[in-house]
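Q: I would like a close look at a single part of this structure. Please take me through it step by step.

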Amino acid sequence: MPPFKTELDLYIRSRYPVIYVTTWEEERAERVLTEVAQPLGKELHVWTSSEGFRGIDASCTGPLEALDMIARSGARAVFVLKDFHVYLEDAKVIRRMRDLVALLKKSFKTVVLLSPQSKVPVELEKDFVVLPLPLPDAGELRAVLTNFLKSLDGARGVRIDTNEALMERVVKASLGLTEAQAANVYAKAIVNDRAFSMDDLPLISGEKKQVLLQTGLLEYYDSDQSVADIGGLDELKRWLGERNDAFSEKARAYGLPEPKGVLLLGVQGCGKSLCSKAIAAVWKLPLLRFDVGAVFGKFMGQSEENMRKALSIAESLAPAVLWFDEIEKGLSGMKGSAAADSGTTARVFGTFLTWMQEKTKPVFVVATANSIEDMPPELLRKGRFDEIFFVDLPTLSERQTIFDIHLRRRKRDAKKFDVVRLAREGDQFSGAEIEQAIVSAMYTAFAQNREFTTDDVSRSIAETVPLARTMAEKIEELREWAKWRTRPASRIPAKAPLTTPAP
Ligand SMILES: Nc1ncnc2c1ncn2[C@@H]1O[C@H](COP(=O)(O)OP(=O)(O)O)[C@@H](O)[C@H]1O
Ligand SMILES: [Mg+2]
C-alpha cells in the first residue's frame, strides 16, 4: 500500500477522531478514502454545504446540523466533510466539534475533513491530524493516461503511438501534476496535431512547468548568465567547474555521489545571486527560486504543507537547482509571523533539513546569505551542504575584472578606460557598487550629451560611500566568523582589515 493509504488506514483503525486531508483533488481523495474504508467495513458518507449528506440526509446543510447528525449516527462510518475549513472560524462550530471529538474517541466513527487548505484552530490542534494527500505517483498517472487514450479509441483522424517507451516518458514527464492537470495536458497534446507521439514530450514538460509554478512558492528562472559575467571568485568557479558533469550517468557509474548543495555566505553585492544563476545556466538545469517567506501561511499545518509541496515540485522537475536567495531573510521573517508559535517554524525548517538529508532526487540546493545572525546553526553544521563558501569584497585585481565586465556589458571598449586606476579608487567597493558607479557616470554624461570617461566614473566613485565603510564592523564580524568555518570563494584569502585606510 502507498504510504498515504497506510497512514490513513492506521489513523482510522486507531480511532483517531478527526483526520484533516488536504488536497485540491477532491475526486481522487474520495476514491482513495473509499479504498481504505471499504476493507475496514466502514461506510463512507460525504457531506457538502450544498447537498448535506449525499444519499442519506439532504436536510443538514448547516455545519452544526452536520456535526449533530454525525454525533447521532450509530453507523460504523467515515464521515467526509468537504470544505469544512470555512466554518472552523466560528466559535460555536469549534465548540460543537470539540464535543463531537470526545464522542468519536469512544466510537467506530471517524471524521475526515477534506479541503485544499488546512486551517486548524488552536482549540482543536491536539485532536486533528493533518494529512496532505501526495500528488499522484507514476502508477496513478499511468492509469490516467491509459484511460485517456482509451477514450480516444476510434476517434477519427487521431494517430496514437502507444509504445511502452513513450508511455513511460510521458508518465515521467507528468510527475508533479494532479490527475486533472495531467488529463488536461494530454488533451492539449492531441488537439495540437491530432496525434500522440514523442513530439508531444516537450509540450508536456513545458505545460508542467507552467502549472507547477502557479503555486506561488517557486519561480522558474530562464537564466543565461555565464561564468564569464562573474568577476573573480575563482575558487568557487573552479569548484563548480569540477562538478559540471556531476549529475550524469557517467558520474554515477564512477561512484560519485550527487552534489547536495552549496551555501554562499558573504558581503552584500559581491555576486552571490549572480553565481546562483550561473550555476544553473552552466549545468543546464532549470533554476527554481524558492520564496521562503511565501511558505509561511497563517495557519498551522499550512506552512509545512507549503514546504512539502514546494520540495515535491522541485523533485518532480529534477535534475534542477533549487535556489534560496537571502535565506536568512525568509527565516527571520518567520520569527515574527503568527505561524511562529506552536513550533511551526521549527517543524517547517525541520521538514526542509530532513529533506536535504534524505533527498534521493538530484536537486541541487543553492542558498545565499548576507549575514549569519538569523541563520539557524543546524543549517551551518558540517555535512548539510557540500561546501560553505565565503564571498568577500573583491580584491584589487578582481575589481579590475569587474569594471571590465560591466563596461563591456554596456558595449564599451574597456581599453579606453583606465581600469587600473578605477579599481584602485574603488577600494572596498562591492561588485554591485562598481556597476552602480559606471551607471551613474553614464547618466551624468548622457544628460550632457556626450560619451562617459574614466573621470566620470572616478567622480561617481568619489561620491559613493561603500557599504563596507558604513558597515565595517559587521563585515569584520562576518569575516571573523567565516575564517575557520568556510572556504574562501576567491583565491586570495587574506584581505586588509576594513579599518585601516586605503593606501
Ligand atoms: N563578482 C561580480 N562580478 C560581476 N558583477 C558583479 C559581481 N558582484 C556583483 N556584481 C554586480 O552586482 C549585481 C548584484 O550582485 P548580486 O549577485 O545580487 O550580489 P549578492 O547576491 O552577493 O548580494 C550583479 O547582478 C552584478 O551586476
Ligand atoms: Mg543577492
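What covers the buried residues of α2?

A: Start with the ground rules. This is a predicted model: local features need pLDDT of at least 70, side-chain atom pairs count only at pLDDT 80 or more, and totals for chains, interfaces and linings use all residues. Residues are numbered from 1 along each chain as its sequence is written, while chains are lettered from A and ligands numbered from 1 in the order in which they are written.

Now the cover. It includes α1 (3-13), β1, β2, β4 and β5. Contact means C-beta atoms, placed from the backbone, within 7 Å. Helices (H or I, at least four residues) and strands (E, at least two) are DSSP runs, numbered from the N terminus.

Next, the helix. α2 has 12 residues. Its first and last C-alpha are 16 Å apart, close to the 16 Å expected at 1.5 Å a residue. That expected span is 1.5 Å times one less than the number of residues.

Which residues are buried? They are A29, L33, V36 and A37. They cover an arc of only 90 degrees around the axis, so they sit on the same side of α2. The arc is taken from the directions from the helix axis to the C-beta atoms. The face turned away from the buried side carries the exposed E27 and R31. Buried means 20 or more other C-beta atoms within 10 Å of a residue's own; exposed means 12 or fewer.

Finally, the strands. α2 (residues 26-37) lies across β1 (18-22), β2, β4 (77-82) and β5 (110-115). It runs at about 170 degrees to β4. Axes are lines fitted to C-alpha atoms, for helices over the stretch in contact, and angles run from 0 to 180 degrees between N-to-C directions. The open sheet has six strands, in the order β3-β2-β4-β5-β1-β6, with mixed pairing. Strands pair if DSSP finds at least two bridges between them. β3 (52-53) and β6 (128-132) stand at the edges with a single partner strand each, so one side of each has no neighbour in the sheet.

Conventions:
Two residues are in contact if their C-beta atoms, placed from the backbone, lie within 7 Å.
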